[in-house]
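Reader: Please present the structure, and then take me through its helix packing, one of its sheets and its salt bridges.

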Amino acid sequence: MNPSSSLPDAKISQEADSSVLQIRGRHPLRGHVKISGAKNSALVIMAGSLLCSGDCRIRNVPLLADVERMSEVLSALGVRITREGDILDINAREITTSTAPYELVTQLRASFFAIGAIVARLGVAQMPLPGGCAIGARPVDLHVRGLESMGAQVRIEHGICHAYVPGSGGRLKGAKIYLDSPSVGATETLMMAATLADGETIIENAAREPEVVDLANFCNGMGAKIQGAGSSQIKIVGVTKLHSIDYSIIPDRIEAGTFLVAGAITGSEISMSPVLPNHLIPVIAKLRKMGLTIMQEAPDCLRILPASSLRATDIETLPHPGFPTDMQAPFMALLSVAEGDSLINESVFENRLGHASELNRLGADIRVKGNTAFVRGVQILSGAPVIGADLRASAALVLAGLAAEGETTFQGLQHLDRGYDRIDLKLQQLGAKILRVVAVPQDPELTPSSSTPPA
């Protein structure tokens, strides 16, 4: 095994492309797991560091391929960035170019959100249209219209978004902005842009996710004037400059939710910290409805106790504070072994049920029609080779493999490593029989590889 904890960030995605997970299911988990910093906070706060002309120290940064990609984007803009453990030191005193590299931004959607900070600092930005998981259309029209409302001239040509603030000062102007939908990315982009704008900006129908609040707290810690983050209306009074900060990002609520499901699907008792239980209210509510016991042992610690049986339930994904779309795939894996019929309606993204067919390879009984999945619980899943097509689908397949009889071989670590900090090692520490191995092409006429699967 080549443990991912020994790898620098830059090697994570390279190893993931040629590795698989071998999972021997039906082994109980036990113990405590440390929850890493929130992926979606880390990425946008890294973008927010561009607003500061001094030093930013960001703590509790997870070890992820996406964090490495964002680091590369910032470095390409001339930003100095170093990492030691879970601490990032970022100095954006000199942004040497307003053009982000195409080959990096197209791999990571969150890097596009930096356009707001770049325009706010420099008055001009050229940002390629974003990439990321193929889970449906996530257009940038809300970002564009918001920046235009603040006085920027924006055009999109040949896959590049060009934004420019006319005038000698090149400073954005405060504006009233209504978002047609509560987009997290648009809310964050425009909030960052408004921190250095001239005057007051009001964002209506803003996203309410905890990561939006975390970004606002980060910016306020640098001297920004943001009020209302976490509600549907955010007010920002622009300032001329932001100062240095030492900031720790929030725990990852999706990672915590995933480990809660890991305990549920394996019938195990595990605890986890640090967590913010208020960020997990819809997830905990659904688990309890399925018959599970979730205990809050400390303000930042949760424990899940196994249930004698799992009851079916229905789920509809919604923007926060509704049930998070990022937990839909893990819950589909869990519902596949619950007693009875469940219905899952994916209302946030239109192409986020592709993992159903892979779960069916493991013996699940799931039918998909449009954005709705009909899940009929089965008594047991069976190990099989599966492939993860996106980040959360990959987590769902790993969870299903933990519950399946026999061995599951999982491909798709390049997706899993984007959003989960060494999840295979954390599961190992809880007692899971899971092994990351380099996949070597073999001649089918030769003897199988001598690498031993987990017992």
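The questions and answers below concern this predicted model.

Reader: How are H11 and H13 oriented towards each other: roughly parallel, or roughly antiparallel?

Author: Helix H11 covers residues 328-335 and helix H13 covers residues 391-403; their axes are 7 Å apart and the packing angle is about 25°. Angles under 35 degrees count as roughly parallel. H11 is therefore, relative to H13, roughly parallel.

Reader: How many charged residues does the contact of H11 with H13 have?

Author: On the H11 side, Ala329, Pro330 and Ala333 take part, and they meet Arg392, Ala393, Ala396, Leu399 and Ala400 of H13. Seven residues of this contact are nonpolar and none is polar. The number of charged residues is one.

Reader: Which strands stand at the edges of the open sheet of three strands?

Author: The order of the strands in this open sheet is E6-E8-E7, and the pairing is antiparallel. Two of the strands have a single partner strand each, so one side of each is left without a neighbour in the sheet. These edge strands are E6 (124-128) and E7 (153-157).

Reader: Which residue in E8 is the bridge partner of Val154?

Author: Strand E8 (residues 160-164) pairs with E7 in the antiparallel sense, over five bridges. Within E8, the bridge partner of Val154 is Ala163.

Reader: Which strands of the sheet does H5 touch, and what angle does its direction make with that of E6?

Author: Neighbouring strands of this sheet are turned by 15° against each other on average, direction ignored. Helix H5 (residues 114-122) packs on the sheet and touches E6 and E8. The direction of H5 makes with that of E6 an angle of about 160°.

Reader: How many residues apart in sequence are the parts that Arg26 and Glu405 tie together?

Author: The whole structure has 22 salt bridges, and one of them joins Arg26 to Glu405, with the closest N and O atoms 3.8 Å apart. Arg26 lies in the loop between strand E1 (19-24) and strand E2 (30-34), while Glu405 lies in the loop between H13 and strand E22 (407-411). The pair therefore ties together parts whose separation in sequence is 379 residues.

Methods
Residues numbered from 1 in each chain as written. Predicted model: local features only at pLDDT ≥ 70, side-chain atom pairs only at ≥ 80, totals over all residues. Heavy atoms only, no water. Axes fitted to C-alpha atoms, helices over the stretch in contact; angles between N-to-C directions. Helix = DSSP H or I, 4+ residues; strand = E, 2+ residues; numbered from the N terminus. Parallel < 35°, antiparallel > 145°, perpendicular 65-115°, else oblique. Contact = heavy atoms within 4.5 Å. Nonpolar A, V, L, I, M, F, W, Y, C, P; charged D, E, K, R; others polar. Pairing = 2+ DSSP bridges. Salt bridge = Lys/Arg side-chain N within 4 Å of Asp/Glu carboxyl O.
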